[in-house]
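Q: Please take a close look at one part of this model, the sheet and the charged side chains around it, and describe it in one connected answer.

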Amino acid sequence: MADGFHRLSHLPGSCTRVKIPGPSCHRGRRQGPVGAVVAQGKNPLGEPGVGSTGGSNRPVPSRGDVLRARGRVLGRFIVLVVLLVIGSLKLGHQWGDVFTGARGPFPAAFAPGAPVAPDRVVRRTTDEQALVHGLSVRWTGSGVTAMNLRTGEEYWRYERREPKAVVGESAVSERTVVVGHNDGRLVGIDLRSGKLLWRVDVREDGFRFVHLAGGQVVTGAPGAVRAFDERDGRSLWTLKVSESCPVVLVVSAHALPDHLSVVHVMCNVTSLDRDGYNLLLGVDNRTGEAVWRQRTVDPEQMAWGDGHTLVTSDPERPVQLLDMNRQGTSRRAALPPDEWDVVAAGSGTVLTGTDPKEDSDDHDTVLHAYDSRDGRRSWQLRAPTGQEYGFPAIADGRVYVVCQPLLTAADAGRRIQSDLVILDADTGRRLHTLRLPAMTAPDDSDDFGKLDVLDTGDGAVSIGWRDGGGDLLVATD
């Protein structure tokens, strides 16, 4: 097209040969033997033109024709460019990371720590979430969103719109949200602004956990545990687990005093060719050196709290209260052999839930509390007749637990009334009770649809069904 424009622009000053016998061509005019004069700018038919050869039956285009043709070509070129730009933007939107950024001022927290006496439900929502500083951060499938607890409006959102972009896990601290994708990508996001802090690829497909402990992001990698800086994503250390553990799933990570991180690893859980097993790793979180390793039990039989871990191998053995330091683990105390169902730990208290009539963990009708220093029973609380407890949480010296009707699988779909109960962790004394809105028991529940406390933080507490199939409530002071 450009060459065509160039040639046309030089035609008016050229000498055009027309098939009329006679003298040679003269610049500016042509004269034949019959005295016909072809002036510059006219074709043989007397039509205005630009001097280009057109033949006896083909009119020569005028300057206006050329300009209109040029405009049509230029217009088509502009349309093509616009379509390409729109296409590239759409492709980038479809296949790239999307960060909306913060919408409005950073919300104020309801209160520091866990709520003292929640008296209202401020939000009814879905999906499990982490509560932090007036926000709830929850999983969206391909990303995470931060919601303002007071208004229910979205504060910021991150989505990764690419193949294999399903989120495996996310972790939240007071400053940072870390998202782990199942293709090995980790993304760090600033909690306040919703803006990208960093991206890292660990180059391993598959589900993964990510954990924030002591300013470090801890996750699994092929045959190893890796740690990255929470704020800039720098690789801090890599710990090779063992040749017998080529597939590593990091279940939990805890930062303890004296630069010690304790990491619970499940080995080969996704491999059918190798036996799976569990390891506790004591790691120097400055160098990544393993200062000790210890076989342990399934994470469902463990509870963490106050610088020690509570471990039980099976219902026939007592729960072990273990101290952990750089020298390893040591037994502090043991709970009675029949109290194997540990449901919560923290604030110097260990809670177990039992049903003396059924002798099973299907229904927790009695809460037993033990002192985590010596294992002695400190108090117990029995649910009213026909009621049971969900899984509790312990925070800031208080126990948060839901008391609800005793459900069976036949109650699926029935609306029930329940209460959030707050207890003193040391004595079991009831501090506060909040009547919750009626909720519908979810269908197809294998564990009879218990309501559990999912999280507490900054003056709010979240409550949801154990199987994740029902609504979720957020209550606050």
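How many salt bridges does a search of the whole structure find, and which strands make up the open sheet of 4 strands?

A: This is a predicted model, in which local features need pLDDT of at least 70 and side-chain atom pairs count only at pLDDT 80 or more, while totals for chains, interfaces and linings use all residues. Residues are numbered from 1 along each chain as its sequence is written, and side-chain values use heavy atoms, with hydrogens and water left out.

The search of the whole structure finds 20 salt bridges, a salt bridge being a side-chain nitrogen of Lys or Arg within 4 Å of a carboxyl oxygen of Asp or Glu.

The open sheet has 4 strands in the order β9-β10-β11-β12, with antiparallel pairing; strands are DSSP runs (E, at least two residues) numbered from the N terminus, and two of them pair if DSSP finds at least two bridges between them. Because β9 (167-172) and β12 (196-201) each have a single partner strand, they stand at the edges, and one side of each is left without a neighbour in the sheet. Neighbouring strands of this sheet are turned by 15 degrees against each other on average, direction ignored, where the axes are lines fitted to C-alpha atoms and angles run from 0 to 180 degrees between N-to-C directions.

Within the sheet, strand β11 (residues 185-190) runs antiparallel to β12 and is joined to it by 5 bridges, and V187 stands opposite R199 in β12. R199 also belongs to a network of salt bridges that links D97, R185, R199 and D201.

The side chains of R157 and E159 meet at 2.6 Å, N to O; R157 counts as partly exposed at 26% relative accessibility, whereas E159 counts as buried at 6%. D258 forms a salt bridge with R326, the closest N and O atoms being 3.9 Å apart, and this pair links the loop between β17 (248-256) and β18 (260-267), which holds D258, to the loop between β23 (320-325) and β24 (328-334), which holds R326, 68 residues apart. D258 is exposed, with a relative accessible area of 52%.

Conventions: Buried < 20%, exposed > 50% of the residue type's maximum accessible area, 1.4 Å probe, protein only.
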